Amino acid sequence: MQNIKKAGTFIASSGIATWILLLVIWEIVSLFNSPDFMPGPLRTLEGFQEILFNGVLLEDIAISLQRIAIGWGRGILIAVPVGLLIGQFKLVRWLVEPFINFFRFIPAIGFLTLFLMWFGVGEESKLMLITYATIFPVVINTIAGVAAVDPVKYQAAESLGASKWQTFYTITVPATVPSIFTGVRLGLSSAITSIVSAEMLAANTGLGYLIYTSRLYYRTDWIFTGIVVLGLLGYVTDKVLRLLGNHLFRHYGIVNQ
């Protein structure tokens, strides 16, 4: 009896019960609709196997992941220093923060046409779109992290004769790491969302392209496959990122984020 109780607790806490319930609801709904409108889990699995074994799915996953990694990495490299400088120095905040607060409300997809005109129909326009989408979550969280640093730490450093730059490197940056890490995770979700939009409208490869063009063949099961794969990619990459953060930055206060 105790083992059954433990198993039930594990299933509930791990989220397995939620996924089972979702699959059951999905299957029930599909029974009342045609496969072209709402394919069930088994029909979607068949479509998944079809494009997996012919190599299309793996190629699209690899291309999308490459675009996400490059654009996301660029966004982080730009956003972290900008966020730290805005949070730490009033002059920088006065000059830059108005632009941040203006552009962060404009979705990345709104710039797709301009990016296509400026950077062409190749990879650069899509990478710039992902970079743009990544920057703002990281910047905003970094600024918030700087603002949350205990002023007593600055007072203690100044009393010991530390300069402004010394307090920046020894107090501000380490104390802001948890907030930066949260922004990086949010930036990843923005990057995945933006790549789908870009690939739907301006690509001939990738998961977004797969989802968009599957309608031409009335393959709703391929559309569901693309959506499920995107969700799994986001879930797995975020999980890996959290594990790396807990392992590499534990001494900065990142634990079980």
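**Salt bridges across the chain**

Mentor: Start with Glu123, which is partly exposed at a relative accessible area of 37%. Buried means under 20% relative accessible area, exposed over 50%, and partly exposed in between, with a 1.4 Å probe and protein chains only. This is a predicted model: local features need pLDDT of at least 70, side-chain atom pairs count only at pLDDT 80 or more, and totals for chains, interfaces and linings use all residues. Residues are numbered from 1 along each chain as its sequence is written, and side-chain values use heavy atoms, leaving out hydrogens and water.

Glu123 forms a salt bridge with Arg67, their closest N and O atoms being 2.8 Å apart. A salt bridge is a side-chain nitrogen of Lys or Arg within 4 Å of a carboxyl oxygen of Asp or Glu. Arg67 sits in helix H4 (residues 56-88) and Glu123 in helix H7 (residues 123-147), 56 residues apart. Helices (H or I, at least four residues) and strands (E, at least two) are DSSP runs, numbered from the N terminus. Arg67 counts as buried, at 3% relative accessibility.

Now take Arg74 and Glu124. Their side chains meet in a salt bridge, 2.7 Å from N to O. Arg74 lies in helix H4 and Glu124 in helix H7, so this pair ties together parts 50 residues apart in sequence. Arg74 is partly exposed at 30%. Glu124 is partly exposed too, at 29%.

Next comes Arg219, in a salt bridge with Glu50 at 2.8 Å between the closest N and O atoms. Arg219 is in the loop between helix H10 (207-213) and helix H11 (220-248), while Glu50 is in helix H3 (residues 41-53), 169 residues apart. A network of salt bridges links Glu50, Arg219 and Asp221. The structure holds six salt bridges.
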